[in-house]
Amino acid sequence: MNLYEINQAILDCVDLETGEIIDIDALEALKMDYDTKIEHIALWIKNLLSDAAQIKAEKEALEKREKSAANKAENLKKYLSGYLNGKKFDTPRVSISFRKSELVDVFDINKIMKMDHVDKYVTYVEPKPNKAAIKEAIKSGVKVPGCSLIEKYNIQIK
C-alpha cells in the first residue's frame, strides 16, 4: 500500500461529518503502516544520498587516475621523441611516425607592442600575441621583433 492509499484508508476510518473514529484497531494499524512507510522512504533517501556521495568520491578518484595516466603517457611520448629523434619506427603491433609542425615562440611581447599595426599581432582581452598572424607574417618574410619560428616533430602512435 502506498502513502496515498494509506491516507485514504485513514480517512475511511473516521466519520467526516462527526469526526468520530469508526474503527480504532484499523486506524492504529494504518497509522503504524504510515509511519513505517515514511521511515522506509526516508531511509531510502539516506541510502541514495550515501550512494551519490560514494559515486562522487569514486569519480574524483578516477579523474585523478585519468590525469596521472595522461601525464605518464605525455612524458613517455617526450622520452620516445628524444630517443627516436624524428625517425620512424614500425613493428606489426605499433607504428610511430612524426609529423612536422610549427610553433611561434614569442619571447618578448613588448617588442611586438612597439610595431606598426600591433593590433594585427596582439589580441587585447589580455595582452596575448596572435600566433597565427605572427606565423603567417614570418613565413611571408616579415620580421616580427621578439618572435621566431620553431620547427617541431610531434609523435604519433597508432
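**Figure 1. N85 lies in the loop between α2 and β1 (89-90).** The model is predicted. N85 is not a glycine. Most residues other than glycine have a negative phi. The relative accessibility of N85 is 63%, so the residue counts as exposed, the cut-off being over 50%.

**Figure 2. H117 sits in the loop between α3 and α4.** Here too phi is positive: that of H117 is near 60°, in a residue other than glycine. H117 has a relative accessible area of 65% and is therefore exposed.

**Figure 3. Helix α2 runs over residues 24-84.** The helix has 61 residues. From its first C-alpha to its last, α2 reaches 88 Å. That is close to the 90 Å expected at 1.5 Å a residue. Four residues of α2 are shown as buried: L27, L30, S81 and L84.

**Figure 4. I41, I45 and L49 form a nonpolar patch on the surface.** Together the three residues have about 270 Å² of accessible area. I45 is placed in helix α2. Its relative accessible area is 45%, so I45 is partly exposed. An α-helix has 3.6 residues a turn, so residues three or four places apart point the same way. In soluble globular proteins, nonpolar side chains tend to be buried together. The side chains of this patch are on the surface instead.

**Figure 5. The largest nonpolar core has eleven residues.** They are V104, I112, M115, V118, Y121, V122, A133, I134, A137, V144 and C147. The most come from α5, with three residues.

**Figure 6. D108 is found in the loop between β2 (95-106) and α3 (109-113).** D108 has a relative accessible area of 23% and is therefore partly exposed. D108 and C147 are 39 residues apart along the chain. Their C-alpha atoms are separated by 7.1 Å. C147 also belongs to the largest nonpolar core.

**Figure 7. Confidence is lowest in helix α1 and highest in helix α5.** Helix α1 (residues 3-12) has a mean pLDDT of 78. Helix α5 (residues 131-139) has a mean of 95. For the chain, the mean pLDDT is 88. Of its residues, 99% reach 70 or more. Where pLDDT is low, the predicted coordinates should not be read in detail.

Notes:
Residues numbered from 1 in each chain as written. Predicted model: local features only at pLDDT ≥ 70, side-chain atom pairs only at ≥ 80, totals over all residues. Heavy atoms only, no water. Patch = residues over 30% accessible without salt bridge, like charges linked within 9 Å, V, L, I, M, F, W, Y side chains within 5 Å. Areas by Shrake-Rupley, 256 points an atom, 1.4 Å probe, with all protein chains shown as cover. Salt bridge = Lys/Arg side-chain N within 4 Å of Asp/Glu carboxyl O. Helix = DSSP H or I, 4+ residues; strand = E, 2+ residues; numbered from the N terminus. Buried < 20%, exposed > 50% of the residue type's maximum accessible area, 1.4 Å probe, protein only. pLDDT = per-residue confidence, 0-100. Expected span 1.5 Å × (residues − 1). Core = buried A, V, L, I, M, F, W, Y, C linked by side-chain atoms within 4.5 Å.
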